[in-house]
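Have the sequence and the 3D view open as you read.

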Amino acid sequence: MTSFTPTAPAAPVQGWFSRSEAWLDSKGKGAWIAAMVLGFVFFWPVGLALLFYMIWSKRMFSKSSCRHRKSWARHGYSAMKPSGNSAFDAYKADTLHRLEQEQHDFEAFLQRLREAKDKAEFDEFMDERARTASSEDLEDDGEDQGEPKRH
């Protein structure tokens with residue numbers, strides 16, 4: 001009598017469609033859109049089929065980028081949590097305060113630059129306006145001296 005030894009189940013064989021879908025999912029929404037556009041360019045029914053599939057499977061309107069944003073927000077909030085080491089927390093607080101002050105100083109510097117640029121442009125406009133007005137006055141005076149006024 002022979003004994004039966006169970007073997008591990010064979011891995012399911014994926015078809016080309018499932019492999020393609022998994023590959024596009026790993027690349028993100030941009031890959032799906034690129035595949036759809038290329039489908040429209042080369043053979044429009046393929047692009048149309050991909051568009052319908054993306055809408056039907058809700059890949060077109062998924063919130064995958066939202067999850068990415070939330071992970072960045074979590075990292076930002078973790079910077080404010082105390083670590084438990086008072087020396088490190090004091091150093092971190094001091095560094096954050098210094099960076100905030102540098103940011104404030106830089107924004108003030110940019111504001112002064114904008115104001116100086118605006119003032120320079122305004123002064124240039126006023127000088128040009130004064131030159132134009134004085135040249136018109138000279139032309140008017142030249143015409144008045146050369147010919148008598150007729151009423």
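## Ground rules

Helices (H or I, at least four residues) and strands (E, at least two) are taken as DSSP runs and numbered from the N terminus. The expected span of a helix is 1.5 Å times one less than its number of residues.

This is a predicted model, so local features need pLDDT of at least 70 and side-chain atom pairs count only at pLDDT 80 or more, while totals for chains, interfaces and linings use all residues. Residues are numbered from 1 along each chain as its sequence is written, and side-chain values use heavy atoms, with hydrogens and water left out.

## The chain as a whole

The chain has five helices and zero strands, giving the pattern α-α-α-α-α along the sequence. Of its 151 residues, 10% are buried (under 20% relative accessible area; exposed is over 50% and partly exposed is in between, with a 1.4 Å probe and protein chains only).

A contact here is a pair of heavy atoms within 4.5 Å. Among contacts with a separation of 6 or more, 22% come from residues 24 or more positions apart.

## Helix 3

Helix 3 covers residues 44–56, and its 13 residues should span 18 Å at 1.5 Å a residue; the end C-alpha atoms are 18 Å apart, which agrees. Which residues of helix 3 are buried? They are Gly 47, Leu 50, Tyr 53 and Met 54. Looking down the axis, these buried residues of helix 3 fall within an arc of 125 degrees, so they line one face of the helix (the arc is that of the directions from the helix axis to the C-beta atoms).

The buried residues of helix 3 pack against helix 1 (16–27) and helix 2 (29–42).

## Helix 2 against helix 3

Helix 2 and helix 3 pack at about 150 degrees, with their axes 5 Å apart (axes are lines fitted to C-alpha atoms, for helices over the stretch in contact, and angles run from 0 to 180 degrees between N-to-C directions). That makes helix 2 roughly antiparallel to helix 3; the cut-offs are under 35 degrees for roughly parallel, over 145 for roughly antiparallel, 65 to 115 for roughly perpendicular, and oblique for the rest.

By class, this contact of helix 2 with helix 3 has 13 nonpolar, two polar and no charged residues. Ala, Val, Leu, Ile, Met, Phe, Trp, Tyr, Cys and Pro count as nonpolar, Asp, Glu, Lys and Arg as charged, and the others, Gly among them, as polar. The helix 2 side of the contact includes Trp 32, Met 36 and Phe 40, and the helix 3 side includes Val 46, Leu 50 and Met 54.

## Helix 2 and helix 1

In helix 2, the buried residues are Ala 31, Trp 32, Met 36 and Gly 39. They fall within an arc of 140 degrees, so they line one face of helix 2, and they pack against helix 1 and helix 3.

Helix 1 and helix 2 pack at about 125 degrees, again with axes 5 Å apart, which makes helix 1 oblique to helix 2. Here Glu 21, Leu 24, Asp 25 and Lys 27 of helix 1 meet Ala 31, Trp 32 and Ala 35 of helix 2.
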